[in-house]
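Dear colleague,

I am passing on to you the structure that follows, together with its sequence. A summary of the findings is set out below it.

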Amino acid sequence: EKPLYILAIESSCDDTAAAVLENAKVLSNVVAQQAIHEEYGGVVPELASRAHQQNIVPVIDVALKKANIDRSQLSAIAFTQGPGLMGSLLVGSSFAKSIALALNIPLIAVNHMQAHILAHFIDEEGFEKPTFPFLGMTISGGHTQIVKVNDYFDMEVIGETTDDAVGEAFDKSAKILGLPYPGGPLIDKYAQLGNPKAFQFTKPKVPGLNFSFSGLKTQILYFVQKKVAENPDFVKENLNDICASIQHTIINILMDKLKLAVKETGITQIAIGGGVSANSGIRNTLTEAQKKYGWTCFIPKFEYTTDNAAMIGIVGYHKYRKQLFNDASVVSKARIAL
Ligand code: KG4
Ligand code: ZN
């Protein structure tokens, strides 16, 4: 059987990404990060779409070169249809449509949230793939979802955030502590040196499998303000302990819901994705949960957890096999169901 070569484009938020896959194997996976947003403490949509326009041609060129694939060899173009920032999505979709038309090959629209989950099906040495059904937990700066995955394209959101995403909880807490954006990785770094039980934060009471993180942020703000009023150097003197305590609380919130999801579904395979799955505390806790609760946990290679185009490509590959193609009238969507 002739191999399929898929060029995938991801531009839903601030990273411009392109990848080339040969079937389920990644030949290249290129990301241009936009440093500009650090200055603003968050993603500025207008600047993001402008940078995508500048980045997209070189990023695709590099992805094809690294894969050692010529445009004429491509079987299909996959791109992120949504969810995401409209201006950012439009850059990727317009480009994908143009290439598909020019090369006269199929166009495949991909749901970014499905892609975070199906990233686990990329062929990668040393990484096992989950079997259906399994639970997917996507935790990033934009999303917090628990998904029951019955098949490649049969997924059901069984829990999600009602306000902030878990990555926002990390980033906003970090901001309160005076740390630069994005603060999630820094909280992780300092937390490794601190006592997770030094300070107590209460977990929100949210029914069922849904999450809420905005209350935690407010709680941390009031806590820090009160302590700083007593001692202006409080944050500096206790940074490791504060970070460890915040991270501990966030992990407990995630684990409570995961345990409930396992109980309700009877499924014990857990596959995580999204930028926050890089967190060392979450990784350790899930590794322990395998022994403690008998779960099987899947944590993908780091470059496939944060926003990337390889995950768009693997969805493209599986959609191609089912001949799930789109015509050029397909529209980008800021919000889109699984
Ligand atoms: O998936 P991602 O790159 O972009 C989207 O939001 O879609 O995720 C970025 C988020 C940010 O909120 C960042 O602070 C968080 O992932 N993050 C972490 C860690 N690494 C990245 N949060 C906690 N611990 C980390 N090690
Ligand atoms: Zn994402």
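Which domains does the domain assignment of the protein give? Domain 1 consists of residues 5-120 + 305-321, and domain 2 covers residues 129-299. Please bear in mind throughout that this is a predicted model.

The relation between the two domains may be described first. The centres of domain 1 and domain 2, taken over C-alpha atoms, are 27 Å apart. In the contact, domain 1 takes part with 14 residues and domain 2 with 21 residues. On the side of domain 1 that touches domain 2, helix 3 (residues 112-118) provides the largest share, namely 5 residues. By class, that side of domain 1 comprises 8 polar, 5 nonpolar and 1 charged residues.

Strand 1 (residues 5-10) and strand 4 (residues 76-82) run parallel and are joined by 4 bridges; Ile9 stands opposite Phe79 in strand 4.

Another open sheet of 5 strands has the order 8-7-6-9-10, and its pairing is mixed. Here strand 8 (154-160) and strand 10 (296-298) stand at the edges with a single partner strand each, so one side of each lacks a neighbour in the sheet. On average, and with direction ignored, neighbouring strands of this sheet are turned by 25° against each other. Strand 6 (residues 134-139) and strand 7 (residues 144-151) run antiparallel, joined by 6 bridges, and the bridge partner of Phe134 in strand 7 is Val149. Helix 7 (residues 234-265) packs on the sheet and touches strand 6, strand 7, strand 8 and strand 9 (269-273); its direction makes about 160° with that of strand 6. Helix 8 (residues 280-293) lies across strand 9 and strand 10, at about 155° to strand 10.

Yours sincerely

How values were computed
Residues numbered from 1 in each chain as written. Chains lettered and ligands numbered in written order. Predicted model: local features only at pLDDT ≥ 70, side-chain atom pairs only at ≥ 80, totals over all residues. Domains from an automatic or database assignment. Contact = placed C-beta atoms within 7 Å. Helix = DSSP H or I, 4+ residues; strand = E, 2+ residues; numbered from the N terminus. Nonpolar A, V, L, I, M, F, W, Y, C, P; charged D, E, K, R; others polar. Pairing = 2+ DSSP bridges. Axes fitted to C-alpha atoms, helices over the stretch in contact; angles between N-to-C directions.
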